[in-house]
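Here is a briefing for a reader who is meeting this structure for the first time. Please look through the sequence and the model before reading on.

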Amino acid sequence: MPKSYCLPFALAAAMLASAQPVATPNVPQNLRCEYLTNPEAVDAIPPRLSWQPVSATRGAMQSAYSILVSRDPAAVAGDTWDSGRVATSQFVNVPYAGKPLESGKTYYWKVRTWDNAGHESGWSAVARFGIGLLNKSDWKGQWIAGGNALRKEFSVAGKVVSAKIYVAAAGYYELRINGHKVGNHVLDPSYTPFAKRILYNAYDVTRALNSGGNAVALLLGEGWFGDRVALVQLNIELEGGKKIEIVSDGSWQAGRSAITADSIYNGESYDARLEQPGWDQAGFTGEGWNAAAVKPAPTQALSAQAMPPIRALMEMTPKRMTSPKPGMFVYDLGQNFSGWVRMRASGPRGTVVKVRHSELLYEDGTLNVENLRGARATDTYTLKGEGEEVFEPHFTYHGFRYVEVTGCPGTPAMDSVQGRVVHSDVKPIGGFSSSKELLNQIQHLVQWGITSNLESVPTDCNQRDERMGWMADAHLYSEAAMYNFDMAAFYTNWLRSIRDEQDADGGVPDTTPRARFAHGAADPSWGAAYPLILWYAYQQYGDRRLLEQHFDGIRKWSDFLWSKSTGGTTDFVKYGDWVPVDFTPGPLTSTVYSYAAADVAAKAAHVLGKSAEEQALRQRCTEIKDGFNKRFFNAAEGYFGNGSQGAQVLPLAYGLADDKNRGRAQSYLWNQIVYHNNSHLTTGILATKHLLPLLSRNGNLDLAYDIATKTDFPSWGYMIQNGATTLWELWQKREGPSMNSHNHAMFGSIGGWFITDLAGIQLVEGGEGYEKVVIRPGVTRELKWAAGNFETLRGKVLSSWRRTDDGLRLEVMVPFGSTARIFVPKLGLHDVSVSEGGKPLWQDKKSAGSVEGVTAVSENEDDVVVDAGSGHYTFHLKGL
Ligand code: BGC
């Protein structure tokens, strides 16, 4: 069984086991600041605080909170902020409202809450947040460069009581103090439009410093910047109050490390013979070091990296090793992923061990690297000849399943190679599983496809000479990402990068950051990432501040598209419904996404109370819709565009079809899929995202299920039948030099459908952040059971259903302080009754007794409908 990011049932069971009934609410858990647990630096002012109240009582709500913030971790007495008792149900993103927060200081906080029955919780555990360097003048140093290693010795006369270091770099860096790497991030800093904004990291290094001699050192890699520059600010406070600042300047030494070459695409070369022991410690006297060069600042703005860093998160053990040629050893790690290998080898000094990476093998067992195009994906290591040497690269990553090792003296062992899975450390928060193994395998592809493509920006692929923040790829898998991983801080950062890249005319690039593939303004379907990810994030996290920050940006993007439109439709197109089986005309896709941009901007205007803008944008939507139907609906044949599936799916999903055209286009689509394609899709990346949800919500869940469970071309199952462990870029099986990555996440949009339409956990407009949830199980075809769950900011939501001999069992968890409308499907049965936890709830079409947490029950043609407050419920539906 391949490694998995989570086991929904195990998680849910563990969670339930710990939920012991108590009379009063437990202490608030999961304290966060700007979505992060104990961040070292945030610079959003005021920062916002979140927590999760806990209660075993169904329907529990928070009625009030009290927050204390202090500089002293030992006595959090509220000297910086004592909120007093604030009567509110809000516990997500509560803005700090105390004394002004000081740049570079750390604050400690705790919270207690009252529930709706007036019970007071105890105080939470103490959490903390650091305030970043808020002013340009807080950075006293200069940007420096020279070689790929920088160092500075300094001495400290006294006992260090606090020390915090801030490091900004363009290109990658690794920070070392007194001989040790600081922290456990890799490939820092996150990839941003460097000329506009560079992110800095902060570390508490109080315990890393000595009284006496110290050394701070940096290894630098070219990263996405293509060069190596860094800026350092180390603030030390000594016992007695004395302050010392160590900052980067011309007094630092610059030299060369044992890394002789590094490139994201090509790999890293390391010559252990060039190591200079002690170079990152005090008292070093090695040669070849010169004064660092002072450089102009490479950026306009510095911001705190308030998002999950990239880390090496999992180890992959090889499944098998073969030797297709003398001296060549090929390891199969069993899974396509992003990262590198840790290699162990020993041999004579000067031996060069070469490690190549690939997604594919030829039949003779050698590596097929044709689809990597220009990326050489090769790490080399020159042994120093001192017994067993262990090495792994610092400033590159590869997308691969197979590695080839050559140059190794003798025969390496199975455990000479270990895979290291490396990606942004977004916490796994949920998952999906079902009685249909194929769907579980697709879910595996979705999770691995997404994490392989989160390398501080959402990328298209992880292996070839690309790995860019392609905007369409990103928005297509963003909802699936949000159901499976905690993406709040990740997307908050990436949306800002899109805004940073936006041109004065409103155009946004096809890739963010804008890279060598992105010329001019984005294809309308690619630029759609800006409004759509913003809107999905608003729905998932209820974060109104995001809308405030980006409203102007998305409106300008809609204005830009409007300026390219005539009669409401947009001919401007570059890619359209990319990599389809059946082509859909570009002007049709562009017009759909111009509508989507205007529609999201109108909805955002509504939330923000900007009514004049809302009206103007709504008017624009009407004109686009009219123009669209006039131009693209073929009234004689009853279909949109050229009659492709994609040409029907997109206008239907985005609400562009006129009332009189909708029904015809829907039947046409059904016929297309069923009669012409034997229940296969023929859509490209854009329409694929919407096809299954659209069918499911128009009474055709069974057809959606049939499409999702196909195993011949074109289908997800076809990829799996052909050995895929991550999602392919193409529906077609191709392994040559043309464009055919085997780890693209864009078809991972199906992961959203698993949650919303099979497990059946849905958002309600106006219930953003899962304050209101709909549970609507997708009981269909041969599926015996399905379950989905994920951690919202308010707590876990779960829907797990199973057919029984006489009906259905449905387990539901509603997050704290939320309400749910739960549709218990009648499955065509008559005389249905519903019980909850063994207690009668509904019988003979009327209430059969009251159940804690349930506020209303009714029955319609298809379902028994239960309204309930937070808590864990198990319903049984029976009927004849
Ligand atoms: C990428 C895509 C991307 C596209 C633009 C490709 O090379 O890998 O996934 O969206 O270019 O059409």
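This is a predicted model: local features need pLDDT of at least 70, side-chain atom pairs count only at pLDDT 80 or more; totals for chains, interfaces and linings use all residues.

Residues are numbered from 1 along each chain as its sequence is written, and side-chain values use heavy atoms, with hydrogens and water left out.

**Ligand site**

- The residues around the ligand include Asp-460, Trp-470, Asp-473, Trp-526, Tyr-575, Trp-578 and Met-746; a residue counts as near if one of its heavy atoms lies within 4 Å.
- Arg-464, Glu-466, Glu-729 and His-744 are also among them.
- By class, this shell has 5 nonpolar, 1 polar and 5 charged residues. Ala, Val, Leu, Ile, Met, Phe, Trp, Tyr, Cys and Pro count as nonpolar, Asp, Glu, Lys and Arg as charged, and the others, Gly among them, as polar.
- A side-chain N or O atom of Arg-464 is 2.6 Å from an oxygen atom of the ligand.
- For His-744, the distance from a side-chain N or O atom to a ligand oxygen is 2.8 Å.
- The protein covers 95% of the 310 Å² of accessible area that the ligand has on its own (Shrake-Rupley method, 1.4 Å probe).

**Largest pocket**

- The largest pocket has a volume of about 950 Å³, which is the space filled by probe spheres set on grid points joined across faces, edges and corners.
- A pocket is an open set of points on a 1 Å grid over the protein atoms alone, where a 1.4 Å probe fits, with protein on both sides within 12 Å along at least five of seven lines; lining residues have an atom within 4 Å of a point.
- The lining has 34 residues, and Glu-479, Tyr-536, Ala-653, His-690 and Arg-697 lie nearest the centre.
- α12 gives the largest share of the lining, 6 residues. Helices are DSSP runs (H or I, at least four residues), strands likewise (E, at least two), numbered from the N terminus.
- The lining divides into 18 nonpolar, 8 polar and 8 charged residues.

**Backbone features**

- The peptide bond from Ile-45 to Pro-46 is cis, with omega near 0°. Pro-46 sits in the loop between β1 (26-33) and β2 (48-54).
- Tyr-35 is found in the loop between β1 and β2. Its phi is positive, near 75°, in a residue other than glycine.
- Tyr-35 is buried at 5% relative accessibility (buried is under 20%, exposed over 50%, partly exposed in between; 1.4 Å probe, protein chains only).
- Leu-827 is not a glycine either, and has a positive phi of about 55°. Leu-827 is partly exposed, at 34%.

Methods
A polar contact is a pair of N or O atoms within 3.5 Å; within protein, one must be able to donate a hydrogen and the other to accept it, and residues adjacent in sequence count only if both atoms are side-chain atoms.
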